[in-house]
Amino acid sequence: MLNSILIYFQKPISNYSPMILCRAIAVFFIAMSISIAGPSLGLGIDFVENRYSPGDFPLVHEGQAAPLIFDAADYAGVLLAGKDLQGDIERVTGKKPEISKTLGSNSKSVIIAGTLGKSAAIDALVKAGKINVSPIVGKWESFLITVVRNPALGVDLALVIVGSDKRGTIFGLYEMSEQIGVSPWYWWADVAVPHQDEICIRSGEYLQGPPGVKYRGIFLNDEAPALSGWAKEKFGGFNKEFYKKVFELILRLRGNYLWPAMWGNAFNEDDPANPQLADEYGIVMGTSHHEPMLRAQAEWKKHGVGPWNYATNQAVLKRFWEAGIERNRKFESIVTIGMRGDGDEPMVNGGDMSANSQLLERIIRDQRGILSRHVNPDPTKVPQLWALYKEVLEYYNHGLRVPDDVTLLWCDDNWGNIRRLPTAEERKRSGGAGVYYHFDYVGGPRNYKWINTNPLPKVWEQMNLAHQYGANRIWIVNVGDLKPMEVPMEFFLRMAWNPGALSKDDVSKYTQRWAAREFGRQRAVEIAEVVATYAKYNGWRKPELLSPETFSLIHYREAELVSKSWNDLLAKAESIDRDLPEVQKASFYQLVLHPVRASATVADLYIALGRNKLYASQGRASANVEAARVRELFERDKEITDHYNRKISGGKWNHLMDQTHIGYTGWQQPAVNILPEVTENQLSENSSYGVTVEGSVDMWPGCNPDPSLPRFDSLGRQRSYVEVCALGTGPVDFKFHASHPWIKILPDVEKHQDQRLWVDIDWGTAPIGESEGYVSIEGGAGTVKVHLTALRATADQEREAKGCFGGLSGPIAIAAKDAVKSVAVGQVHWDLIPDYGRAKAGVSVFPVTAASILPPAAAPYLEYPVYLAKAGNVDVDAIIGSTLDFVPGRGLRLAVSIDDAPPEVVDAFPGKESESRWGNAVKDNIRILRLSHVIDRPGRHVLRIAMVDPGVVLQKLIIHQEPLPPSYFGPPEVGLNVASR
């Protein structure tokens with residue numbers, strides 16, 4: 001811990017006085033104590049108390065609320081945020097403070113809020129030396145909150161909130177709202193506001209800004225049928241009443257930028273008050289990657305004449321764009337330039353890359369001419385972006401360039417993997433760079449817009465790359481319908497404020513602080529774990545991509561474990577829900593319980609459907625039980641949707657769960673949820689049974705050869721199972737016995753439709769070496785012998801395998817985080833990203849901007865001792881995250897070696913990637929890198945994974961000498977062999 005304190009000092013510790021050291025240590029421990037459960041996710045310092053102490057500022061004390069002082073000449077957005085603070089104080093205490101334009105108040109304590117240069121009271125305090133604003137003067141969106149004694153004649157104490165500019169003041173006011181206990185989601189997720197009789201502010205100076213990312217925003221997209229249906233019912237459409245709520249939320253989350261709803265909607269025309277309102281609130285407006293010059297696609301459909309083709313319809317398009325720029329010229333905007341095809345499609349001009357590039361150059365030149373005529377003679381003064389989305393990136397790669405003042409908006413692949421980031425040379429551009437990211441998408445391989453499927457560690461990993469590679473001018477994320485993306489949306493915007501302040505190790509603490517703010521400190525850790533876990537599980541495989549075949553029903557008990565994981569999580573969420581006060585249940589349902597319950601239901605539905613198909617093919621009676629289970633879960637999904645839409649908060653959120661999500665057959669969602677087709681067997685009235693075993697779809701008797709269980713070995717300590725399944729309607733009667741006393745059979749005590757027998761080996765009595773045996777199932781339906789092989793290690797094998805991964809049979813699966821040795825080279829090292837991907841932690845190289853290192857140069861490496869039972873060919877599969885090769889001219893590579901053999905380099909991108917390969921990567925949210933080696937002897941070996949390129953996130957290693965059976969996750973990870981048996 002002392003090292004953590006010392007990093008705050010820039011000189012040797014001996015250079016500091018004991019008093020300074022004590023103060024620093026005290027500050028450190030205070031920060032640590034509030035880091036997990038502070039009420040504010042903005043400033044990160046809790047300065048509010050609910051009991052008055054001498055020296056505090058009494059915001060609400062002894063039944064009196066301090067008045068709010070604003071200058072009428074201040075920005076409209078500041079006055080709007082001031083009214084919100086007034087309302088928030090009343091929400092918390094029941095006391096509504098007065099708002100005044102002058103200091104002529106009878107109160108001895110007042111709140112003075114305003115913007116430098118726009119508030120006479122603030123400027124007077126600066127002039128009198130009462131406040132020091134030098135840290136924020138001229139800074140973008142910065143603010144200072146401080147307590148001032150004797151600010152003016154007749155006033156003893158003032159709480160001063162001062163902003164460097166309009167949004168600086170607004171953010172300071174909303175910071176105060178959040179600190180006193182009003183969640184930014186108080187309206188959008190019905191988060192309860194805890195009552196306090198008193199609110200006091202600790203004396204001190206609290207400073208924030210400027211933000212790390214200049215423009216931080218969201219894109220309302222793919223908004224039909226859910227958001228559009230809700231907005232129409234609630235507000236009459238996407239009008240100013242709707243956008244008031246959106247603007248306020250964005251600002252409370254420290255955002256400042258919006259791409260408005262655009263599926264058949266036109267922000268500026270749906271309600272002409274919309275753009276004026278955005279400007280008053282302080283929201284910077286823009287349009288999406290395929291809507292240039294502040295004109296919505298819907299406006300072209302309404303007003304356009306002729307084709308959306310600049311080569312053939314230049315004059316009409318120029319007039320169309322000029323009208324949009326003239327209309328919005330007085331409002332704060334970022335102008336999207338360039339052009340894509342109509343309807344979010346590639347621009348087509350004979351398919352000629354060179355011709356299209358030349359046309360785009362002309363389009364951009366003409367667009368900037370429009371800006372210089374209608375906005376500013378110097379177009380470099382007009383904020384602009386060029387979105388390098390999909391095929392537009394290919395034009396850039398082909399050599400097309402835009403003026404340096406235009407921000408290059410790099411994009412992800414629509415699935416959360418950034419396609420490209422700026423090089424060192426590109427980072428010199430005056431317009432900088434940004435990122436357009438996705439939490440929701442309509443397109444291949446399949447739409448995903450029903451529910452949150454975005455684990456925060458993955459979001460952190462990708463946006464940290466953006467930050468470290470200098471894409472910090474604009475961060476904007478597609479949030480679909482806004483709800484239910486509350487958690488990742490806020491994380492994205494909070495991270496954008498100060499990307500460097502949120503490390504990979506802080507993500508779980510952030511989620512705990514979020515949970516404490518929304519539901520109180522008592523259950524915050526548990527709630528945060530539920531929220532993180534459901535997103536992780538949905539990150540395994542998005543619900544829209546599930547099928548009966550996704551999780552293996554016969555290998556590794558994969559489908560069972562997935563179902564158990566979901567249902568254990570649901571039980572935990574429901575247990576928390578039962579203990580919460582009634583006032584918190586609506587928000588808990590929206591933010592926590594619903595996504596768990598809904599996702600678990602859909603996962604179980606597809607697993608039940610898979611069982612139905614398998615069991616029907618085997619003739620099992622339980623196929624009919626699974627068919628009924630599918631129907632039951634389909635109805636449960638309807639009930640869950642209806643509860644969200646019609647029951648919580650009195651039906652406030654009706655339509656927001658209208659998105660269909662069951663029954664996909666292609667990339668586009670079905671028009672309605674479709675009950676999957678199930679199969680039912682015609683059952684005879686008999687007591688016949690069949691026997692099946694782990695790892696096989698066959699049923700005995702009736703198949704050849706006899707069944708065999710996966711191999712057992714004394715190092716791996718596996719167990720396996722046999723199932724006896726009813727084939728008719730009558731009760732099944734059978735007996736079982738083992739051929740040898742060292743074979744243990746234990747009937748499963750868990751509830752299964754068919755009767756499961758667990759098979760294990762008593763390694764204390766099993767013979768050393770390889771032994772054969774069987775389990776016999778006997779009854780009126782016949783006798784089935786299930787064969788097995790047991791491998792017991794010799795004493796020499798046990799000694800050699802001690803401290804290694806692996807056994808005498810089967811593949812070896814190792815969690816990447818379990819490396820026994822990690823060697824750095826200088827400052828470049830492997831480190832954990834907690835809770836990343838499928839693993840408990842991913843392992844990646846830091847710093848992420850490190851230069852590539854190719855063998856034979858020394859590179860950071862991870863070491864894994866492994867025990868291989870036989871010599872010969874060995875495949876090593878490295879399971880990595882789905883990160884793309886975001887640095888041009890470089891792959892995403894690892895170097896793999898065994899023992900002293902030269903390392904072999906493997907690249908996730910050995911050539912141009914096919915659509916199908918990319919589709920598999922995003923569906924599975926992993927990539928698999930495979931290398932083959934030849935082992936000349938059995939026994940102990942050392943597997944080494946060395947860095948080549950940063951950006952690789954290693955999750956799991958699988959070493960195998962035979963083909964792996966089909967499954968989604970592969971063999972489960974094993975630990976080290978720790979002792980002789």
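Q: Is Asp604 buried or exposed, going by its relative accessibility?
A: Buried means under 20% relative accessible area, exposed over 50%, and partly exposed in between (1.4 Å probe, protein chains only). Asp604 has 7% relative accessibility, so Asp604 counts as buried. Before we go on: this is a predicted model, where local features need pLDDT of at least 70 and side-chain atom pairs count only at pLDDT 80 or more, while totals for chains, interfaces and linings use all residues. Residues are numbered from 1 along each chain as its sequence is written, and side-chain values use heavy atoms, with hydrogens and water left out.

Q: Which residues does Asp604 touch, not counting residues up to four places away in sequence?
A: Contact means heavy atoms within 4.5 Å. With that sequence limit, Asp604 touches Ser563, Asn567, Arg629 and Leu633.

Q: Which helix does Asp604 lie in?
A: Helices (H or I, at least four residues) are DSSP runs, numbered from the N terminus. Asp604 lies in H19. Of the 34 residues of H19, 30 are buried, so H19 is largely enclosed by the rest of the structure.

Q: How do I read the way H7 and H9 pack?
A: Two packed helices are described by the angle between their axes and the distance between the axes. Axes are lines fitted to C-alpha atoms, for helices over the stretch in contact, and angles run from 0 to 180 degrees between N-to-C directions. Here H7 (residues 240–252) and H9 (residues 273–281) pack at about 25 degrees, with axes 10 Å apart. That makes H7 roughly parallel to H9 (angles under 35 degrees count as roughly parallel).

Key. Helices (H or I, at least four residues) and strands (E, at least two) are DSSP runs, numbered from the N terminus. Angles under 35 degrees count as roughly parallel, over 145 as roughly antiparallel, 65 to 115 as roughly perpendicular and the rest as oblique.
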